[in-house]
Amino acid sequence: MSGSLADERLAEAGQLRLTWWRFKRHKLAVISLFIVILFYTIAIFADFLATADPHATDARRSYMPPQGIHLFDENGFNPHVYGLKGQRDMKTFKMVYVPDPSRKLQVEFFVKGYEYDLFGFIPTTRHLFGVVGGTPVDGVFLLGTDQLGRDLYSRLVVATRISLSIGLASVTISLILGVLLGGLSGLYGGIIDTIIQRVIEVIRSIPTIPLWMGVAAALPNTWTVIQVYFAITLIISLIGWTELARVVRGRFLALREEDFVIAAELAGAGQMRIMLRHMLPSFTSHIIAAVSLALPAMIISETSLSFLGLGLRPPAISWGILLQDAQNVQVLAGAPWLLLAAVPVVLVILAFNFLGDGLRDAADPYG
Amino acid sequence: MLMYIARRLALAVVTCVAISVLTFIIIRLPPGDFVDAYIANLASTGSNITADQAQAMRVEYGLDRPVYIQYTLWISRVVGGDFGVSMMWRRPVTEVIGDRLWLTMIVSLSALFLTWIIALPIGIYSAVRQYSIGDYFFTMVGFIGLAIPNFLLALILMYLGFRYLGLSVGGLFSAEYAQAPWSFAKAWDLFKHIPLPACVLALAGTAHQIRIMRANLLDELRKPYVITARAKGIPERRVIMKYPVRAALNPFASSIAYVFPYLVSGSIIVSLVLGLPTVGPLLLQALVAQDMFLAGTIVLLLGVMTVVGTLISDLLLMWIEPRLRLTGHS
Amino acid sequence: MADLDKPLLSVRDLAVEFQQPGGSVRALESISIDLRPGRVLGVVGESGCGKSVTARAILRILDRNGSITAGKVTLDPATATPTDLTALGAQSPEMREVRGGRIGLIFQEPMAALSMQYTVGNQLMEAIRVHRDPGKAVARQRAINLLREVGIPRPESRVDAYPFQLSGGLRQRVGIALALAAEPDILIADEPTTALDVTTQAQILALLRRLQTDKKIALMLITHDMGVIAQMADDVAVMYLGRIIEYAPVGEVFGAPRHPYTRSLLRSVPSMLAKPRSRLATIGGAVPQPNARPKGCPFHPRCPDMIVGRCDTIAPAPVPPGSVGASCFLVEDAAA
């Protein structure tokens, strides 16, 4: 009777598990899931992974090109970077700092560095890796430095935190709005549906960026980083909820006619109960897919606003803020590594798109 | 059909009103009123006005009245074509904006056109040859296109052009035409400069539209009427082009209505990076300087023009979709 | 006129496979049927048993991942010029000439089988003109005549209507007109009445019957409804999981069904003559997934008369082409 047991297992597996089984077949989506998890892990352990204080400026190491870690030397395996030495440029007579192969700095694991709070509440100075010894100007410049001599790698790692969390926070607000309004629209239909649909249509036919630019620009200069962060989150979430509402409404309309919902209605279950207990669970996977597809737009919005100087403001560090430094072609020509900040943006958006696509296929193999 | 047109028109009007309210809110958002900002602006250049003069200005602009009256005053002036004076430039807003609005529209429309002519054939190909190497290739390119924010693409192109070709790829006009009055030569110069920004702007939208066209067409290809058509003995190419492609065109065409606002939005940022003389850079300057009449007017005009564009695309859709034309809904 | 006993189309040992991510799935196996002028072959079976695939395989319009792996589909087998359709290219001009020109297809859902983008006349005229183009004006007149022939009132105005402006019954009549457009002598009707209400269903069946008798058409009627079979068919092929498990004249199928599956099918039909308040029989279990085809006789897991060690290990031989019988060990044993 193993066959019928398997059948039962299949029947009990429920929508979510079935979706997961189908999802696992999409190789690219699974890889993307790992990339997304990796990025969020980086965000959580950002300070631990950083090699230098992302805010620490030092004019002497302005625009240092990326510096590789030399893994071997004449003594075999011995990871090290070169120290910096100042020398005078014979044309401009300015002091420039260049790597000095004669001075090797050991790269070690779990070194002491700047102080931070792990998970926000455990004060520590340990970092995954870094150099020991050396002068204050020395460091591992994996991805080079910016104009103010700040280590791009460390800033990029720390920026992950804000850029990813702002996307997540915005999508959560969007989701609440979308499920609520889309649900109302799909559940009650009639005049409520008409009104909500028209509102969505109106919002969708407005070019949003100029509008939100206007709102973002009006945020008082006196606001703290945290206040601006929340305001921007709210602004971004207002951009994305219409699509989520559309998905939710569509599912509700389809489900309203399903037998099990009618059965629940006949059994006398209340509207709210039907919605929460019977309908929502049956399209959780659709919602997860829609969220995953909405996230890239949120991340792009934050990046764009900050890039324009209307989003988050320094000293906050986000990908958009890092890219702001790369706005000028003359600067870029001298320090092309500043464009590296674009890599994680593209990578994360790509991963979320693949992930969302895989999830959607898995949630709705026939639609 | 008339019902449908009436509904679309009503919706367009409502949208314009909504945009005007939002614009008004934006104008009002910065702390203090615009006279405060004006005074601050004057003070920064060293001149001053008296408290009486300030009060006179407040009365003139109705700033001492309730908000909804201020809105009515403002909107009735706007409808009459008076958009106020730019503080930053000390000139009427319309003069400051000048050709920029039209250039914005030209760039956005070119991008829209490009989106259409690229996305349509590729979408059809990808659906008909689903899971072929070409399909995978375009899907991959499409995903990457979606993942690169267009300002980033503009940035990369600028860098590559500067670094390897030694030229500045930005702008919409050659130097000799930038300030010149309109002429045929200037229009031709514009035409030569349009492709690059249009491509940059169109990339993400095209990727999106390819996916929409592919998905729609895949849906349609599965439908029984395709088999009916095949069973008639029509050549396969004609089966596909006449039936499923035709049906998939409708949702594709209606999605253009959402792509257009998106392109207008995108043109703002891309213009900044590429230094295009559209309203984009002006809007940013105005916002940063809190020149709210200028910023508000730009937002309002962009919004209204987008709504008009959307309306036109809706009417086009009605024209190509018999069910919409005959019954008013599809 | 063709000899009434000579088949117009004969299918021999047809097998079809679909390529799927998990491997290939065999959808049809050893299918053999004959379509004779003026006669109706009823093909009956539960959904997913391969009835529609058979129709599409004959017309060579399988989905891209499906292919004919064995067997022959011969047009005009009794004449001096038989054509093996499986030997033709699916997109060859010869094959396209057969589609519509020799074999017409009527579809299940009249709503979905017609394009909503073009008028009825446009779709009909296309079907007329693709084979022997008589010019636009003549084609239009023919389209109107066709609509009249299938019993559509006011055909002169309906020819310019869009399908969504017609009722379900009228749409199905348009579907029939479409299949008849190029005057084929073979019709395949794939569940032509399933989506219609009972009254319309009866009208459409009567229309099909009339056209088929008048024009001496060989009709292959695919359905899951034993009632439709009883009303329409001369011969019956009962299909289960991609095989024909019984092939017999309609009287024998209802009077003396051979295969246990046919018997269960008949028991599950509501009957006026049944004892009041008796339960309608159902067939235990469900049709297995095609990719999880049981070993041995495909019906054995649900068969009440299953012989352990035999039915679940080897498959019974298919019904020999052109003859009457059932693919079942019980029947083989009884005959021996």
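This is a predicted model: local features need pLDDT of at least 70, side-chain atom pairs count only at pLDDT 80 or more; totals for chains, interfaces and linings use all residues.
Local features require pLDDT of at least 70, and side-chain atom pairs count only at pLDDT 80 or more, whereas totals for chains, interfaces and linings use all residues. Residues are numbered from 1 along each chain, chains are lettered from A, and side-chain values use heavy atoms without hydrogens and water.

**Exercise 1.** State how chain A is divided and what distance separates the domain centres.

*Solution.* Step one: the assignment, which is automatic or taken from a database, gives domain 1 (56-149) and domain 2 (156-363) of chain A. Step two: over C-alpha atoms, the centres of these two domains are 38 Å apart.

**Exercise 2.** Describe the extent of the interface between domain 1 and domain 2 of chain A.

*Solution.* Step one: nine residues of domain 1 of chain A contact eight residues of domain 2 of chain A (heavy atoms within 4.5 Å). Step two: the two domains bury about 560 Å² between them, with 75% of it on carbon and sulfur atoms; buried area is the accessible area (1.4 Å probe) lost on being put together, summed over both parts. Step three: A:Tyr63, A:Leu143 and A:Asp146 provide 69% of the area that domain 1 of chain A buries against domain 2 of chain A, more than any other three residues.

**Exercise 3.** Determine how many salt bridges join domain 1 and domain 2 of chain A, and classify the residues on the domain 1 side.

*Solution.* Step one: the count of salt bridges (a side-chain nitrogen of Lys or Arg within 4 Å of a carboxyl oxygen of Asp or Glu) is zero. Step two: the side of domain 1 of chain A that touches domain 2 of chain A has six nonpolar, two polar and one charged residues; Tyr and Leu count as nonpolar, and Asp as charged.
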